Amino acid sequence: ITLVLLVIMFILMLTEKIPLVATMTLTAILMVVFKAVPAAKLYSVYGGTTIVFVVGMSIIADSLFETGIVRDLGNKLFKGKLIENQRLMIFVATLVTGLLSGIFFNSALTVMMIPLVSAAVLKSNGKLQFKHIMMGVACNATVGGSLTLIGAAPNLITQGILVESGVRGMGFFEPLPLALPLTLITAIYFSTIGYSIQQKTLDFEDNIQNTKAEPSDCPTWKKVVTLVTLAVCIGLFVADIWDST
């Protein structure tokens, strides 16, 4: 029964006939209805430390977007000679995304990069192509999520399992020695070999999101509070002197 329900769930996820949230919720309920799992465990995981951690970091990451900090960074970075060379732009955008993914959740970061890249493409007067840049950005957002303990949900889930099992948990930057070279290699690949392959295979019309990434008019004090809060959180994560949740 469990395998059948999982197969149906994956089919619904692939076809997206109903919202993904509804698919996951219904699957969980059916698991209980068919007694594949005890009713007491239906949503008990939402009370775990991992979920609390993810929710908290999501709020902090969202504040960086809402205050315009990430938008301002992109506007200052993606300009000048950078938008005149396609390969260079791919490398920088892909690398920056990968590095930022160590702090932000990769899905939200990828969405935020769309207007930033679009603005750079529009300013380039045809020298840049949106589709080639975003391919590397999306892939390195996933790779870069492994730079730190909070960069991706699997890292947090693994940490929760280790702690609950009584095993030493991972340090904040423990995945860095492996993930950092992979992040750099991904950026190099998409600006060299990957770009050459994309030129031959991505033969569809470039889809530029005509969205301007204007500087935020958010008060400076809100940006300062957001950055200080993030810095304090990361400092406490690294020091490991307090429960991360």
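**Salt bridge, core and surface of the predicted model**

The count of salt bridges comes to 1. The structure described here is a predicted model. Side chains of opposite charge can pair when their charged atoms come close. In this model the salt bridge joins the side chains of Arg168 and Glu174, with an N to O distance of 3.0 Å. Arg168 is exposed, at 60% relative accessibility. Glu174 is partly exposed, with a relative accessible area of 39%.

The largest nonpolar core holds 40 residues. Within this core, Phe78, Met89, Phe104 and Ile133 touch the most other members. At least two residues each come from α3 (49–66), α4 (69–77), α5, α6, α7 (130–144) and α11 (220–239). The greatest share comes from α6, which gives 7 residues.

Beyond its neighbours within four places in sequence, Ile133 contacts Gln86, Met89, Ile90, Ala93, Thr94, Val117, Val121 and Leu128. One of these partners, Val117, is found in helix α6, which spans residues 106–123. Val117 counts as buried because its relative accessibility is 0%, and buried means under 20%. Apart from residues within four places in sequence, Val117 is in contact with Phe130, Ile133 and Met134. Met13 is 104 residues away from Val117 along the chain, and the C-alpha atoms of the two are separated by 28 Å.

Thr97 lies in helix α5, which covers residues 86–100. Thr97 is buried, with a relative accessible area of 0%. A polar atom of the Thr97 side chain lies 2.7 Å from the backbone oxygen of Ala93. Ala93 is also among the residues in contact with Ile133. Not counting residues up to four places away in sequence, Thr97 touches Leu109, Met113, Val137 and Ala141.

Ile18 is partly exposed, with a relative accessible area of 31%. Patch residues must have over 30% relative accessible area, so Ile18 passes this cut-off at 31%.

Conventions: Residues numbered from 1 in each chain as written. Predicted model: local features only at pLDDT ≥ 70, side-chain atom pairs only at ≥ 80, totals over all residues. Heavy atoms only, no water. Buried < 20%, exposed > 50% of the residue type's maximum accessible area, 1.4 Å probe, protein only. Helix = DSSP H or I, 4+ residues; strand = E, 2+ residues; numbered from the N terminus. Polar contact = N/O pair within 3.5 Å; in protein donor to acceptor, adjacent residues only side chain to side chain. Contact = heavy atoms within 4.5 Å. Salt bridge = Lys/Arg side-chain N within 4 Å of Asp/Glu carboxyl O. Core = buried A, V, L, I, M, F, W, Y, C linked by side-chain atoms within 4.5 Å.
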